[in-house]
Amino acid sequence: MRTEIPFFPPDLFEHDRKIMLDALQDIGRDPRQKFILGEQTAEFEEMLRADLGAADVVACGSGTSALGLVLRAMDIGPGDEVVVPAFGCAPLAASVVDVGATPVFADIDSRTLVLDPESARRHITHRTKAIMPAHMFSIMADMPRFTELTASRDLRLIEDSAVAQGGVLNGTPAGLWGEAGVYSFVQVKSFGMPGEGGAVVTRDPALGRRLRMLRNHGQQERFVHQIIGANSRFDEIQAAFQRHRYAGFPGRLERRAEIAEHYTERFAPLADQGLVPPPPGRNGRCHYVYCVLAEERDVLREYLAEHGIGSHVYYPLALPYQSAFLPYAPADERWPNAERSSARILALPIYPHLSDSEVTRVADAVCEFVRHRPRVSAPGTP
C-alpha cells in the first residue's frame with residue numbers, strides 16, 4: 001500500500017513531546033505561577049538577540065500582531081500610506097489597515113514572487129510613510145535595493161520576514177535589513193511551535209523599548225501605562241520549548257535547503273514545458289515553502305493527490321482582488337505578475353524529516369506529470 005506524503009506533516013513535534021510535557025509540568029507547578037513574559041521569555045529573546053547580533057528581540061503573541069506593533073511603534077496611522085506586495089498573506093495589508101493607514105499594492109517579480117523594487121518605487125506618493133517588502137516561500141526580497149530606495153526617499157523600511165527566520169542575504173540575517181523585522185513561530189513555519197507566537201527583531205534599542213511597552217498594554221512597569229498598548233504577550237511554556245529546539249534549528253534548515261536543491265535540480269529542465277522552479281542558490285534563501293509555477297497547476301495538484309502526495313496553493317487570489325481589500329485597490333490598476341502567479345503557484349512538501357526516498361518520489365511524480373501531458377496555457381497566459 002502506497003505511503004502518503006502529506007503537505008502538512010502531523011508529527012512535526014513528535015520527537016520533542018517529552019520536552020513539552022516537562023515544560024508544562026515545571027512551569028505549571030512553579031509557585032511563582034508566571035505564565036507570560038517571565039524568565040523563559042527573557043532568555044528566549046536574549047538567545048535570539050545574541051545569535052542574530054540584534055539590538056533587541058521582542059517576543060509577541062503572533063507574527064501578525066508583531067507587524068501591527070511595529071507600525072504603531074513607528075507612528076504610522078491615518079493619512080499615511082504603506083507600500084506592500086500585491087501577492088502574499090493577508091496580514092501584509094490588514095496590519096496596515098488596522099492602524100488606520102492605507103495599503104498601496106505594488107506588483108511582484110514574476111520569477112522570485114517577492115515585491116518588485118521598481119513597482120514599489122512607482123507607487124510612492126507624498127503620503128508614503130513606509131515600504132514593507134515580504135520574504136516569500138523560499139526567497140528573500142531584494143533588500144539591498146529596498147534599503148537604497150527607502151534611504152533615498154526618507155521612508156521607513158519594515159521587513160516582513162515572518163517565513164524567513166534563518167535566511168541570510170549577503171551576510172545579513174532576514175529581519176535585520178530594515179528598521180524592524182518580524183518572525184512568526186506558528187506551527188508550520190521553519191521555526192514553528194505548537195501554538196501562536198512571533199517576534200520583532202531590530203537594530204534600534206529605542207524602537208525595541210517602545211515595542212516592549214506596546215505589547216503589554218503600554219506598561220513600562222506594572223500598572224503604570226505610558227501609552228495605549230495591546231495584548232501581544234509571549235507564553236512561558238512555548239518559550240521554554242523553543243529554547244530547547246533552537247539547537248536543532250540549523251540542522252533542520254540545512255535539510256530544507258538540501259530538499260529544495262534536489263527539487264530545483266530535477267525541475268530546472270522542465271521550465272520550457274510549463275513548470276518553473278525557484279531560482280537556484282542559497283544566498284537569500286529561507287526554504288519555508290517550496291513553490292513551483294505550473295501552467296496546469298490544478299491538474300498537477302490532482303495528479304499528485306492521486307499518487308498520495310499532498311500539495312498546497314499559496315495564494316489562490318492576489319490581495320487587491322480579494323473583497324476585503326477592494327477599497328484599497330484602484331479599479332483601473334492591474335498587478336499582472338501577482339495575478340499570473342496566483343493562477344500557477346503550487347507548494348510541495350519540504351519539511352525536514354522527509355526521507356530521501358520521499359523527496360525522490362515527489363520529484364519523480366512532478367517530472368512524470370510534466371513529461372507525459374501536453375502543454376496547456378493557464379488562464380491569462382498569452
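Start by selecting helix 3, residues 63–73, which lies across strand 1, strand 2 (81–85), strand 5 (156–160), strand 8 (180–184) and strand 9. Its direction runs at about 165° to strand 8; axes here are lines fitted to C-alpha atoms, for helices over the stretch in contact, and angles run from 0 to 180 degrees between N-to-C directions. Helices (H or I, at least four residues) and strands (E, at least two) are DSSP runs, numbered from the N terminus. You are looking at a predicted model, where local features need pLDDT of at least 70 and side-chain atom pairs count only at pLDDT 80 or more, while totals for chains, interfaces and linings use all residues. Residues are numbered from 1 along each chain as its sequence is written, and side-chain values use heavy atoms, with hydrogens and water left out.

Because 8 of the 11 residues are buried, helix 3 is largely enclosed by the rest of the structure. Just after helix 3, click on D75, with its positive phi of about 60°.

Now show the open sheet: 7 strands in the order 1-9-8-5-4-2-3, with mixed pairing (two strands pair if DSSP finds at least two bridges between them). Strand 1 (56–60) and strand 3 (102–106) stand at the edges with a single partner strand each, so one side of each is left without a neighbour in the sheet.

Finally, zoom in on strand 1 and strand 9 (residues 198–202), an antiparallel pair over 5 bridges. Here V58 stands opposite V200 in strand 9.

Note on methods:
Contact = heavy atoms within 4.5 Å. Buried < 20%, exposed > 50% of the residue type's maximum accessible area, 1.4 Å probe, protein only.
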